Amino acid sequence: MLNKLVLFDFDGTLVDSAPDLATSANYLRTLQGLDPLPLSYLRPYASKGARGLLQASLQLETDHPDYETQKDLFLTHYAANSTVLSQPFDGIETLIEQLNDLGLPWGVVTNKVVHLTQPIMDHFGFSQSSKVLVGGDSTPYIKPHPAPLFLACELTGIAPENCIYVGDDERDIVAGKAAGMATLVAAYGYCDFDPAIASWEADYVSQHASEILPSILDWTQN
C-alpha cells in the first residue's frame, strides 16, 4: 500500500486543540476586563483559527482597527501554550500506530501555519512517522482551495487519485474533492455530528476515530 497516502486535517481531526485555543481567546478577554467564555461556546470556532476565535471572543472582524494587534497577542499566547490542554482525539494514537504497522504512509494538510502545527506534532510524537506536513503558509492558498493537497502529493510523490483526505469541516471535503481525492468526514470533530454532513457527499463518514481504519482499508481495495 506504499502507493497510497492518507492525509489528515489537524485541528478537530487528529488533535482536540480547542481547550488551548479557547484559553488564548479568553486571555485576550481578561486583558480587557471581560469574563472568560465557556469552552462549549468557543469550541465550534476552534477550526476557524484566529479569525474565528477573535470574532467569537471579542466580536472583532478583520477590518477592525484593533484586529491585527489582538491577533498578534492571541498567536503569541497560543504559541507558548499550545500543548497544555490539547490532546489527540480518542483512538487517534491507535490509528496512527495501525497505519504505521500497515506501512501505509500518512501526513497532515492543515490551514494552521507550520510553525504552530509542528510543535504540537512533535509533542505527541506524530512527526516521527508523518511523511508530510503542509500548513496554511505552505502555499499561496488555503483550503478549500486544493493547492495544499496538491503540494502534499508533490512532496510525497503520490498522485491525488491515490490519496484519501480526512477532515472535520466542509472545506476539507470540498478541497479533497477538488483535488480528485477520496474523502472522509471525521464527524467526531468540530463539526459536532452536524446533520448537514450528508450534504457534503464525502465518500466515508466516521463517528469515532476507531471507524477510520476500516474505511481506509475499504478505500485501498477500490
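Which residue caps the N-terminal end of α8? D169 does, with a side-chain oxygen 2.9 Å from the backbone nitrogen of R171.

A word on conventions: this is a predicted model, in which local features need pLDDT of at least 70, side-chain atom pairs count only at pLDDT 80 or more, and totals for chains, interfaces and linings use all residues. Residues are numbered from 1 along each chain as its sequence is written, and side-chain values use heavy atoms, leaving out hydrogens and water.

Helices (H or I, at least four residues) and strands (E, at least two) are DSSP runs, numbered from the N terminus. Helix α8 covers residues 170-178, and its buried members are R171, D172, I173, A175 and G176; buried means under 20% relative accessible area with a 1.4 Å probe, protein chains only. After the helix comes G180, with a positive phi near 80°.

| Element | Residues |
|---|---|
| α7 | 147-156 |
| β6 | 163-167 |
| β7 | 182-186 |
| α9 | 197-200 |

Two of these strands, β6 and β7, belong to an open, parallel sheet of six strands ordered β5-β4-β1-β6-β7-β8; strands pair if DSSP finds at least two bridges between them. Because β5 (133-134) and β8 (204-206) stand at the edges with a single partner strand each, one side of each has no neighbour in the sheet. β7 and β8 pair over three parallel bridges, and L184 has Y204 of β8 as its bridge partner.

Terms used: Buried means under 20% relative accessible area, exposed over 50%, partly exposed in between (1.4 Å probe, protein chains only). Contact means heavy atoms within 4.5 Å. A polar contact is a pair of N or O atoms within 3.5 Å; within protein, one must be able to donate a hydrogen and the other to accept it, and residues adjacent in sequence count only if both atoms are side-chain atoms.
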